[in-house]
Amino acid sequence: NFFRLHCHYHCKTVLLILTVGAVTALSAVSSSHNNVVILGGSGRIGMAIATHLIRRSSALPSSTGKIILVGRNAEQGQQSVQEVRDAASEFSSDGNSFEVEFQSISDVWDSKQLSPLFHDAAAVIHTAGPYHNRYPIPLRTAIETNVPVYVDVSDPLPYLDSSLELNEDAISSGTKALIAAGAFPGMSNLMAMEAAGSLPPGCQIIDSGFNYFTAGLGGSGDVNLYITNLGFGDDMPQYEKGRLNYFKALTGKLLGHVDFFTDAESIMAKRVGSQLVFSWPFPEAATVARELKITGRSHAAMGTAPEVWNVMLGLLVDLVPRPWWRNERFSQFMADFSQPLVKATDKWLQLSSPDGVGETHAMRIDVTAEDSNKDIFVSTIVQGHESFRQCVGQSAAEFCIDLLQEQSTDRSGGVSLVEQRYRDEG
């Protein structure tokens, strides 16, 4: 698996290939904590994270640590443990004897149940969404138990704001926390900082745009249907004329087709091509725009395959009142109702896909800037992966490893977004 980035800058094209795991193996973190705890570990994303961590086991704090998958269903948990072991077996390294085990708890939002799991953890990775209408209890518990590293894949802006408010506590405890650190948001934010960093020095950033594509559910699991439905009830956060606004009627609106390629002859053009997208309240439209201090407009949108799903969703969002989508019982009902058809579609995508996976994922990030002569520059990065699920898992795992590496020499803590942590590098 690989991330393929096509960078287009001012009529010049550069191709970068970032091989996942190509970073030199990191030295072990000096810590008495040996375990990596994955909340939602028995889910599709959690298992992808665990598999990638085993693949990169030489970077983890101890050669004899544990990866603990945490969930509610013990039977499903044991199946997940075996699946992770089977998937990771080809990556086993001599001298590393990482165990994978499952711990069942009834509620991942209950600090009393989390605390015993966190006491021996070198890192906690929280994937047990949705995060809608929640307070970041797992992060707070990680801080209270002095967990060295915390990563999550959260996305609602109110949840992110509540997490960032714990920054001073994280500094005091020495917990390095990176939030919204999956594929999108997460890798997408890093790509935006990279795009901005490639522009000529001294330019003023005007606009930032995020467009995403995932075939079907991308292997992410049924909960993604529910999360998408809940989002249709939220206002769309985006910048207009350099100021953050919330648009009540924009979420779910079809915006037209987006090219997920910069070269018509590239693999991205052949595998993904142009896709219909609709607005969805991804937080990066607000948080990255704020970090880049844009003076113009930001937007975020997504699309899926087959295209008829986008059209159907657009019609439903127009017909169903927004408060209904915000109702958790209604959004869950809609997810359950559509699940059989979605599963059938995902199976068809798998059978018809050239790679036999059917979870194709792509991102296009555009950053526009202006210099003192009023010349306009556009930096575009396009990324593709054969599996959305694997991309999220690899992204979150690599972010975790990066924090563990830094923790070995710098014990300072704090809570940050991806664009904040990597601004200097971007």
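Student: Is leucine 254 buried, partly exposed or exposed?
Tutor: Leucine 254 is partly exposed, because its relative accessibility is 39% (buried is under 20% relative accessible area, exposed over 50%, partly exposed in between, with a 1.4 Å probe and protein chains only).

Student: Where does leucine 254 sit?
Tutor: In strand S12, residues 254–259 (strands are DSSP E runs of at least two residues, helices H or I runs of at least four, numbered from the N terminus).

Student: What kind of model is this?
Tutor: A predicted one, where local features need pLDDT of at least 70 and side-chain atom pairs 80 or more, while totals for chains, interfaces and linings use all residues. Residues are numbered from 1 along each chain, and side-chain values use heavy atoms, without hydrogens or water.

Student: New topic. How many salt bridges are there?
Tutor: There are 14 (a side-chain nitrogen of Lys or Arg within 4 Å of a carboxyl oxygen of Asp or Glu).

Student: What does glutamate 398 pair with?
Tutor: Arginine 56, with the closest N and O atoms 2.9 Å apart. Glutamate 398 is in helix H14 and arginine 56 in the loop between H1 and strand S4, so the bridge ties together parts 342 residues apart in sequence.

Student: Are those two buried or exposed?
Tutor: Glutamate 398 is buried at 18% relative accessible area, and arginine 56 is buried at 6%.

Student: And what about lysine 66?
Tutor: Lysine 66 bridges to glutamate 101 at 3.5 Å between the closest N and O atoms. Lysine 66 lies in strand S4 and glutamate 101 in strand S5, so this pair links parts 35 residues apart in sequence.
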